[in-house]
Amino acid sequence: MKLAQANEAGVEPVVTRDRLTMVVFSGEFDRWMAAFTLATSGAAMGAEVTMYFTFWGVLGLRKKRRLRGKSLLDRMFTLMLPKGSGATTRLNFGGLGACLFGFAMKKKHVASLDELVELARDLGVRMIVCEMSMDVTGIGADELVDGVEYGGAASCVLELTKSGTSPLFI
């Protein structure tokens with residue numbers, strides 16, 4: 001039920017302390033690691049976890065690029081924007097940051113980003129992708145990983161109003 005429909009029907013969101021909602025607006029490797037570490041930790045502790053991906057955060061969910069059937073502007077975005085989590089925010093080591101961190105994590109038996117994303121799915125973490133961000137950047141649903149939902153800002157606001165914690169913006 002959309003927030004406006006819920007308000008018209010007199011339905012108030014149920015706020016519980018065992019809910020965690022985060023807005024993922026970065027596509028950077030280290031921020032994604034933080035987001036999925038918190039999401040899987042919360043879900044493992046029994047919390048209902050929702051992740052809302054918007055703007056650059058959507059790019060981390062992109063599994064492939066498709067050019068066919070897109071406008072010129074959408075094709076340009078498709079070619080220029082990365083797929084998957086990109087560079088690290090700091091200490092990118094000339095573009096090798098994500099690879100170096102991945103190597104160090106494997107050596108120290110820390111779950112990889114791909115493993116955390118899969119674990120989040122297994123634990124029932126809801127992943128909602130911002131439809132407006134998809135539209136602006138020309139990303140189609142067929143280009144994203146499986147198991148995500150699609151929604152607008154109202155979907156995010158509804159989840160935030162139900163969360164018993166302060167929203168996390170990553």
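A residue counts as buried when its relative accessible area is under 20%, and because the value for Phe53 is 0%, Phe53 is buried in this predicted model.

**View 1. Trp32, Phe36 and Phe53 make up one aromatic cluster.** Across the whole structure, a search finds 3 aromatic pairs. In one of them, the ring centres of Trp32 and Phe53 are 5.3 Å apart and the planes lie at 40°, so this pair is tilted. It joins distant parts of the chain, with Trp32 in helix 2 (residues 29–44) and Phe53 in strand 2 (residues 48–53), 21 residues apart. Both Trp32 and Phe53 are buried. Phe36 and Phe53 form a stacked pair, with 6.2 Å from centre to centre and 25° between the planes. This pair too links distant parts of the chain, since Phe36 belongs to helix 2 and Phe53 to strand 2, 17 residues apart. Phe36 is buried, with a relative accessible area of 0%.

**View 2. Cys130 and Cys156 are shown in a structure that holds 0 disulfides.** Cys130 takes part in no disulfide, and the cysteine sulfur nearest to its own, that of Cys156, is 8.6 Å away. Because two cysteine sulfur atoms must be within 2.5 Å to count as a disulfide, Cys156 is likewise in none, its nearest cysteine sulfur being that of Cys130. Cys130 is buried at 4% relative accessibility, and Cys156 is buried at 7%.

**View 3. Phe55, Trp56, Met132 and Val136 form a nonpolar patch on the surface.** Together these residues have about 420 Å² of accessible area. Trp56, which lies in helix 3 (residues 56–59), is partly exposed, with a relative accessible area of 47%.

Key. Residues numbered from 1 in each chain as written. Predicted model: local features only at pLDDT ≥ 70, side-chain atom pairs only at ≥ 80, totals over all residues. Heavy atoms only, no water. Patch = residues over 30% accessible without salt bridge, like charges linked within 9 Å, V, L, I, M, F, W, Y side chains within 5 Å. Areas by Shrake-Rupley, 256 points an atom, 1.4 Å probe, with all protein chains shown as cover. Salt bridge = Lys/Arg side-chain N within 4 Å of Asp/Glu carboxyl O. Helix = DSSP H or I, 4+ residues; strand = E, 2+ residues; numbered from the N terminus. Buried < 20%, exposed > 50% of the residue type's maximum accessible area, 1.4 Å probe, protein only. Phe/Tyr/Trp six-rings, centres within 6.5 Å; stacked < 30°, edge-to-face > 60°.
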